[in-house]
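Student: I would like to go through the terms used for this model and see what each one rests on.
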Amino acid sequence: MRTRPTDQRPSGQGGERPADQPVDRLERHLRGLPLRERKKLRTRRSIQNHALRLFAEQGYEATTVEQIAAAAEVSPSTFFRYFPSKEDVVVTDEYDPIMAELFRAQPPELPVVEALRTTYREVFRHMWAEDMDAIVTRVRLMTEVPALRARTLESIRAGTLGIVSELVAERTGRSVRDPEVQAFSWAMIGVMIGAMYTWIDGGGKEDLGDLIDRNMAFLAAGCPIDAPPAG
């Protein structure tokens with residue numbers, strides 16, 4: 001996904017945002033990458049942006065890797081160096097490592113679920129500000145294209161689940177393979193997937209980050225389904 005140039009900063013709804021807000025912290029992380037990594041990130045984002053544009057214009061199935069590569073002005077072999085398959089150009093992003101960095105910076109006294117909730121709130125605030133159009137296209141593709149639905153689950157299990165489990169294990173002093181660590185990590189992922197489908201079913205009118213935060217708050221409260229609904 002793309003980011004703005006480092007000398008351009010989006011202002012908040014009320015004007016200039018205070019220093020050291022989540023977006024600033026994420027921008028500093030990206031600027032701090034080695035030059036080679038930043039060049040690779042720009043190439044990866046260019047390929048992905050062109051792919052998403054073509055998918056939106058002519059459909060996922062009708063778009064070939066060769067067309068994406070030509071639009072991004074790279075060779076098909078370069079495409080496959082960044083994305084193992086056409087499915088991966090939709091399901092892949094660079095936010096998991098940033099999420100891990102933000103989570104590790106959370107105050108140690110915060111419960112794990114609240115630390116994750118705060119982390120995801122910051123990450124999604126940045127993603128929504130920077131990449132709303134790309135997020136809309138990616139989520140629609142991941143929920144509507146059968147091949148992408150399957151690949152999304154594989155990607156979550158191989159990527160996000162592993163990172164969440166590792167972070168939870170670090171913070172709790174447990175093993176990554178602890179069944180309760182795994183169950184908790186799947187629960188966190190489940191409420192995010194649930195928010196994603198709620199968002200799609202509602203026509204994408206609500207803020208996806210807010211939906212995820214609401215689901216995480218419900219999980220943090222112990223999922224009190226027997227209690228009367230709030231409000």
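The dialogue below sets values against definitions.

Tutor: This is a predicted model, in which local features need pLDDT of at least 70, side-chain atom pairs count only at pLDDT 80 or more, and totals for chains, interfaces and linings use all residues. Residues are numbered from 1 along each chain as its sequence is written, and side-chain values use heavy atoms, with hydrogens and water left out.

Student: What does the secondary structure of the chain come to?

Tutor: The chain has ten helices and zero strands. Helices (H or I, at least four residues) and strands (E, at least two) are DSSP runs, numbered from the N terminus.

Student: Why is L208 called buried?

Tutor: Buried means under 20% relative accessible area, exposed over 50%, and partly exposed in between (1.4 Å probe, protein chains only). L208, found in helix α10, has a relative accessible area of 4%, so L208 is buried. Across the chain, buried residues make up 41% of the 231 residues.

Student: What makes A169 count as buried?

Tutor: A169 lies in helix α8 (residues 146-172). Its relative accessibility is 6%, so A169 counts as buried.

Student: Which residues is A169 in contact with, leaving aside its neighbours within four places in sequence?

Tutor: Contact means heavy atoms within 4.5 Å. With those neighbours set aside, A169 is in contact with R174, S175, V176 and V181. A169 and V112 are 57 residues apart in sequence, and their C-alpha atoms are 9.8 Å apart.

Student: Which residues of helix α3 are buried?

Tutor: In α3 (residues 65-72), V65, I68, A69 and A72 are buried. They cover an arc of only 95 degrees around the axis, which puts them on the same side of α3. The arc is that of the directions from the helix axis to the C-beta atoms. What covers these buried residues includes α2 (35-58) and α4 (76-82).

Student: How do you know that α2 is oblique to α3?

Tutor: The two helices pack at an angle of about 125 degrees, with their axes 9 Å apart. That angle makes α2 oblique to α3. Angles under 35 degrees count as roughly parallel, over 145 as roughly antiparallel, 65 to 115 as roughly perpendicular and the rest as oblique. Axes are lines fitted to C-alpha atoms, for helices over the stretch in contact, and angles run from 0 to 180 degrees between N-to-C directions.

Student: Which residues of α2 and α3 meet?

Tutor: S46, I47, H50, A51, R53, L54, F55 and Q58 in α2 meet Q67, I68, A71 and A72 in α3. By class, this contact of α2 with α3 has seven nonpolar, four polar and one charged residues. Ala, Val, Leu, Ile, Met, Phe, Trp, Tyr, Cys and Pro count as nonpolar, Asp, Glu, Lys and Arg as charged, and the others, Gly among them, as polar.

Student: Why are α9 and α10 called oblique to each other?

Tutor: Helix α9 (residues 179-201) and helix α10 (residues 208-220) pack at an angle of about 140 degrees, with their axes 9 Å apart. The two are therefore oblique to each other.

Student: Where do α9 and α10 meet?

Tutor: Among the residues of α9 that meet α10 are A187, M188, V191 and W199, and those of α10 include L208, L211 and I212. The residues of this contact of α9 with α10 divide into twelve nonpolar, three polar and one charged. L208 and M196 are twelve residues apart in sequence and 6.8 Å apart in space, C-alpha to C-alpha.
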